Amino acid sequence: MSEADASLFEAPFEYVRQHVKPVRDMNRRERRKQFWWQHGETVPGVKRAVANLQRAISTPRVAKHRLFVWAANATVPDSAVVIIARDDDTSFGILHSRFHELWSLRMGTSLEDRPRYTPSTTFETFPFPDGLTPDIPAAGYAADPHAQAIAAAAARLNELRENWLNPPDLVCRVPEVVPGYPDRILTVDDKAERELRKRTLTNLYNARPAWLDHAHKALDEAVAGAYGWGDDWRAGALTDDEILARLFHLNQQRTAR
């Protein structure tokens, strides 16, 4: 967007001119100084990857809890966010399962006492269930019963979380004026705004209420079934160490191939 076009959005443009431009004027990178009203990084690779998707999976690089959420494809992430260009609930569910969480904690790095999600060691090395790997389009496994079970559990988890984050008695949804962007979520009054400030995913997972725990257990069972480990999961035989050992074995088998 040119400066002239950007200036038509008067309020945000004026805010950026006052608060961002003085900082950009001192930036060593010529592009950031010259195009001070634009994002510092325009992430063209991410935009190309999600261009044909309605949404994509995102996760913070550094966080206490390994959380995955949906982001609209128009979202421009900063360097603290990892974007995974998949829009199917099955992929979302596998990544949000205990299996991937354990793998990412073991294979990732850390910042102080917080785990860091490093895609090259956590995502690229993770052995997805056979037939549900990221090199297969979602349409290719849409009829797979395991994929369907994971998708249903993942969608339910996301629905429950969204209902807790933005309950209908506290918010109203207003269509965004710019096409392609998600609805704007507005609080119904000041009391609702104060309550919503407490409703973050970090606070939710710190408390981990029973309904959230049940939703994750249902998802984990569905993912265990896709690996062929459903009976062992239900029998309680899959300890964290056992899960990591099995995932590592799969990783080594695929590396050998």
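Reader: Leaving aside neighbours within four places in sequence, which residues is lysine 64 in contact with?

Author: Lysine 64 is in contact with Pro115 and Asn206, once its neighbours within four places in sequence are set aside. Please bear in mind that this is a predicted model.

Reader: Where is the place of lysine 64?

Author: Lysine 64 is in the loop between β1 (55-60) and β2 (69-72).

Reader: Is lysine 64 buried or exposed?

Author: The relative accessibility of lysine 64 is 56%, so this residue counts as exposed.

Reader: Let us step back to the whole chain. How many helices and strands does the protein chain have?

Author: There are 14 helices and seven strands in the protein chain. The C-alpha trace spans about 60 × 45 × 40 Å along its principal axes.

Reader: What percentage of the residues is buried?

Author: Of the 257 residues in the protein chain, 33% are buried. The chain exposes about 15,100 Å², and carbon and sulfur atoms supply 53% of that area.

Reader: What about contacts between residues at least 6 apart in sequence: what share joins residues at least 24 apart?

Author: That share is 57% for the protein chain.

Reader: How many positive and negative side chains are there?

Author: The protein chain has 34 positive and 35 negative side chains. The centres of these two sets lie 5 Å apart.

Reader: Now the aromatics. How many aromatic pairs are there?

Author: The count comes to twelve aromatic pairs. One of them is formed by tryptophan 36 and tryptophan 37: the ring centres are 5.6 Å apart and the planes stand at 85 degrees, so the pair is edge-to-face.

Reader: Are tryptophan 36 and tryptophan 37 buried or exposed?

Author: Tryptophan 36 and tryptophan 37 are both buried. They also belong to an aromatic cluster, together with Phe13 and Phe35.

Reader: What can you say about phenylalanine 99 and tryptophan 229?

Author: Those two residues form a tilted aromatic pair, with 6.0 Å from centre to centre and 50 degrees between the planes. The pair links distant parts of the chain, 130 residues apart: phenylalanine 99 is in helix α7 (residues 98-107), whereas tryptophan 229 is in the loop between α12 (210-227) and α13 (230-234). Phenylalanine 99 and tryptophan 229 are both buried.

Reader: Which charged end sits over the ring of tryptophan 229?

Author: The charged end of arginine 246 does, 5.4 Å from the ring centre. Elsewhere, arginine 55 lies over the face of tryptophan 70, at 3.6 Å from the centre of that ring.

Reader: Moving on, where is histidine 96, in which loop?

Author: Histidine 96 is in the loop between α6 (89-95) and α7. The relative accessibility of histidine 96 is 4%, so this residue counts as buried.

Reader: Which residues is histidine 96 in contact with, leaving aside neighbours within four places in sequence?

Author: With those neighbours left out, histidine 96 is in contact with Arg66, Leu67, Phe68, Leu157, Arg161, Tyr205, His216 and Leu219.

Reader: And asparagine 166: buried or exposed?

Author: Asparagine 166 has a relative accessible area of 18%; the cut-off for buried is under 20%, and therefore asparagine 166 is buried. This residue is found in the loop between α9 (145-165) and β6 (171-174). Beyond its neighbours within four places in sequence, asparagine 166 is in contact with Val171, Arg173, Ile185 and Leu196.

Reader: Where does threonine 187 lie?

Author: Threonine 187 lies in strand β7 (residues 184-187). With a relative accessible area of 31%, threonine 187 is partly exposed. Setting aside neighbours within four places in sequence, the residues in contact with threonine 187 are Leu170, Val171, Ala192, Glu193 and Leu196.

Reader: How far apart are threonine 187 and cysteine 172 in space?

Author: The distance is 6.3 Å from C-alpha to C-alpha, for residues that are 15 apart in sequence.

Reader: One last item: what is the phi of arginine 208?

Author: Arginine 208 has a positive phi of about 40 degrees, although arginine 208 is not a glycine. Arginine 208 is found in the loop between α11 (201-207) and α12, and at 37% relative accessibility arginine 208 counts as partly exposed.

Note on methods
Residues numbered from 1 in each chain as written. Predicted model: local features only at pLDDT ≥ 70, side-chain atom pairs only at ≥ 80, totals over all residues. Heavy atoms only, no water. Helix = DSSP H or I, 4+ residues; strand = E, 2+ residues; numbered from the N terminus. Buried < 20%, exposed > 50% of the residue type's maximum accessible area, 1.4 Å probe, protein only. Contact = heavy atoms within 4.5 Å. Areas by Shrake-Rupley, 256 points an atom, 1.4 Å probe, with all protein chains shown as cover. Lys, Arg positive; Asp, Glu negative; His and termini not counted. Charge placed at Lys NZ, Arg CZ, Asp CG, Glu CD. Phe/Tyr/Trp six-rings, centres within 6.5 Å; stacked < 30°, edge-to-face > 60°. Lys NZ or Arg CZ within 6 Å of the ring centre and 35° of its normal.
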